[in-house]
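Good morning, and thank you for coming.

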Amino acid sequence: MTLQMPDSYWAATAEPGDHYLALDGQLKTSVCVIGGGYLGLSTALHLAEKGVDVVLLEAGQPGWGASGSNGGQIIPGFKSERSDLIASMGEEAGSRLFAWSGSFVDDTLDLIGRHGIRCQASRAGWLQPAHSVNSFNAYEKRVAEWQAEGIEAYMLDRSEASAALGSDWYMGAYYDPRGGRLHPLSYTRGLARAAAGAGAWIFGDTLAERVEWSGDIWTVRAATGDVQADQVLICTNAYTDSGQALVPGLAQSIVPIPSYMVATAPLSDNLRKSILPGGETAADLKKLTNHFRLEEDGSFLFGGRGDLTETDDPSSFRCVTAKLAEIFPQLKDQPIAYRWSGRVAITTDGVPHLHNPAPGLWAALGCNGRGIGFATSYGKLMSDLLSGMPALDSPVPVTAVSRIPFHVFHLIGARAALWWKNRQDTRDRHAKP
Ligand SMILES: Cc1cc2nc3c(=O)[nH]c(=O)nc-3n(C[C@H](O)[C@H](O)[C@H](O)COP(=O)(O)OP(=O)(O)OC[C@H]3O[C@@H](n4cnc5c(N)ncnc54)[C@H](O)[C@@H]3O)c2cc1C
């Protein structure tokens, strides 16, 4: 069965992609990558550039998952601050992960430039508006941490943020000059073309069903063929399905959460001029993040969490459209042209996971809703690990696959978490500093 791309603004405006045929028969290779999002494609591209034989299997076409549907904001760093990473991982590991996260945007823009990928990429700067005085005050720590690394990040006060965003809903904003933007589906398609051009074999419409070890080689089995490989990398992120026996417990090690986006019909010239006039993209600091950007054709894209169903039924998008109208009241009557969703993979510790459950078998996942720059850099890192870099040198530590208790009830848990986070955001907004 062919998986259809969601009917999104991105699908309607992307650069044309190549069509990748399904695997047909037996193949032998050095590395088999499962999953054709940014992580799988970046790994395949970097491996092929090193001259390593690589085959990539994707259940749909490249970009069918979150990589073709997201907000297109290339964000430096993780959601956790440096001090949080150090508190949870220790001084050395936390500092190393934080330092690595500073390279996400450069790695992405370099790769795009090097391969001439047409995806409207630019370093437009990134805004993180604060919904409360307390969250605004918390930026001081972030700004100090990045400035200590030589980054000229700074804070915008309430009136500066209002002018930069076109909304006076926020109390101020964090500005990071490194942040960038791109067309997410065009980027995925360009990555796939670059990887294939560098020698990677990419197969679409090919669901990997099982991964087996026969004593001297791994075999990845799909309905239409098998791939034998010395090493296998699974990067199926929030689309990791417990129905496939790839790695026991992997699907239960993350919580897959649908995330929603809408695109308005093009705004009038007057409205356009007032919203994000500097061309930055923005994602706020609420626990239930809203993110937004304005397109050259005047469409305004706005994302957030919805009711957790995966549908394009307008009623499921009510939370998102209501928030859009609250933050940008000037757009409350603007028609919505597209509605779509994709899944993000949440980990309980908020950082990406890397597993190596058996020699030659790897799994990398857990984007926590931020994965354009991160997955591009993670792919480069995976290509190094798969070609011999010692695991101890990896900024993402190798850990055992750990099942989240009561994972079978994750949707109930996610609903409760959404309710709780929404309550926290509301409380926080009205809290006295
Ligand atoms: C609505 C939304 C907005 C977002 N906005 C941003 C943003 O602005 N900035 C940002 O940095 N991040 C954002 N993200 C997160 C970002 O999109 C993801 O972190 C990133 O795309 C993850 O890439 P990936 O390659 O790990 O996974 P994916 O792109 O999800 O790819 C996984 C792929 O694996 C395939 N697959 C699954 N199982 C199998 C199998 N058994 N065999 C073969 N193939 C399989 C799937 O078909 C899928 O294509 C957003 C996400 C969403 C959903």
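This is a predicted model: local features need pLDDT of at least 70, side-chain atom pairs count only at pLDDT 80 or more; totals for chains, interfaces and linings use all residues.

A residue is counted as near a molecule or strand if one of its heavy atoms lies within 4 Å of it. How many residues surround the ligand? There are 38, and the closest are E58, S67, Q73, G371 and I372.

Residues are numbered from 1 along each chain as its sequence is written, and side-chain values use heavy atoms, with hydrogens and water left out.

Let us look at the shell by class. It holds 16 nonpolar, 19 polar and three charged residues. Here Ala, Val, Leu, Ile, Met, Phe, Trp, Tyr, Cys and Pro count as nonpolar, Asp, Glu, Lys and Arg as charged, and the others, Gly among them, as polar.

Next come the polar contacts, that is, pairs of N or O atoms within 3.5 Å; within protein, one atom must be able to donate a hydrogen and the other to accept it, and residues adjacent in sequence count only if both atoms are side-chain atoms. A backbone N or O atom of Y38 lies 3.1 Å from an oxygen atom of the ligand. For L39, a polar backbone atom is 3.0 Å from a ligand oxygen. At G71, a backbone N or O atom lies 2.9 Å from a nitrogen atom of the ligand. The protein covers 97% of the 1,000 Å² of accessible area that the ligand has on its own, by the Shrake-Rupley method with a 1.4 Å probe, where for residues only the protein chains shown count as cover.

Which elements give two or more residues to this shell? They are α2 (38-49), β12 (255-264) and β16 (336-346). Of these, β16 gives the most, with three residues. Helices (H or I, at least four residues) and strands (E, at least two) are DSSP runs, numbered from the N terminus.

Strand β16 leads us to the sheet. Eight strands form an open sheet with mixed pairing, in the order β5-β6-β4-β13-β14-β15-β12-β16; two strands pair if DSSP finds at least two bridges between them. The edge strands, each pairing on one side only, are β5 (154-156) and β16. Within the sheet, β14 (residues 291-294) and β15 (residues 300-304) pair in the antiparallel sense over four bridges, and H291 stands opposite G303 in β15.

Finally, the loops. N237 sits in the loop between β11 (225-234) and β12. Its side chain reaches the backbone nitrogen of G366 at 2.9 Å, and a polar atom of that side chain lies 3.5 Å from the backbone nitrogen of C367. N237 has a positive phi near 40 degrees, although it is a residue other than glycine. N368, in the loop between β18 (361-365) and α11 (372-386), is not a glycine either, and its phi is positive at about 50 degrees.
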